[in-house]
Amino acid sequence: MPHIVMFMKYPTHIVREVVQKALESVQKNLFPDDESIQETLVLSAWKSTEDGLRALSVTRVKEGKLEEALKMVNKEMVYFSEIEGFETSVEVWGTYQEAFEALGMELPES
């Protein structure tokens, strides 16, 4: 079950606009969680940098649901893309189990 890691960055002068847009999405339930597709591991973690704010979210995708999960992420990215200066990127990360399987090995019992 892969992970989707979504990265966001934006300058500090648009923080209020980003927060307002995020609150609007929650209030209108625009991006409801669908636990049959993915499980949220990190809803939102952020840090301040000399270039502004950086944030990330991480979800664990359910077996066979990667395409659906990516569609959900893309809808959210488009929603926030209306904000000038807001940038996002998405990465799909594998698990240890998937790495061991790719090598033809079994994950050791813990």
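## A tour of the four-stranded sheet

The protein contains three helices and four strands, where helices (H or I, at least four residues) and strands (E, at least two) are DSSP runs numbered from the N terminus. This is a predicted model, in which local features need pLDDT of at least 70, side-chain atom pairs count only at pLDDT 80 or more, and totals for chains, interfaces and linings use all residues. Residues are numbered from 1 along each chain as its sequence is written, and side-chain values use heavy atoms, with hydrogens and water left out.

**Whole chain.** Traced along the sequence, its elements follow the pattern β-α-β-β-α-β-α. The C-alpha atoms fill a box of roughly 50 × 30 × 20 Å along the principal axes. Among contacts (heavy atoms within 4.5 Å) with a separation of 6 or more, 73% are between residues 24 or more positions apart.

**Surface.** Next, switch to a surface view. The protein exposes about 8,100 Å², of which carbon and sulfur atoms supply 52%; these areas come from the Shrake-Rupley method with a 1.4 Å probe. Of the 110 residues, 26% count as buried, that is, under 20% relative accessible area (1.4 Å probe, protein chains only).

**The sheet.** Now select the four strands. They form an open sheet in the order β2-β3-β1-β4, with antiparallel pairing; two strands pair if DSSP finds at least two bridges between them. The edge strands are β2 (38-49) and β4, each of which pairs on one side only. Neighbouring strands of this sheet are turned by 15° against each other on average, direction ignored, with axes being lines fitted to C-alpha atoms and angles running from 0 to 180 degrees between N-to-C directions.

**Strand β1.** Select residues 3-10. This strand is mostly covered, with seven of its eight residues buried. Eight antiparallel bridges join β1 to β3 (residues 52-61); to see this pairing, pick M8, which stands opposite A55 in β3. With β4 (residues 87-93), β1 pairs in the antiparallel sense over seven bridges. Here, select V5, whose bridge partner in β4 is E91.

Note on methods: Buried means under 20% relative accessible area, exposed over 50%, partly exposed in between (1.4 Å probe, protein chains only).
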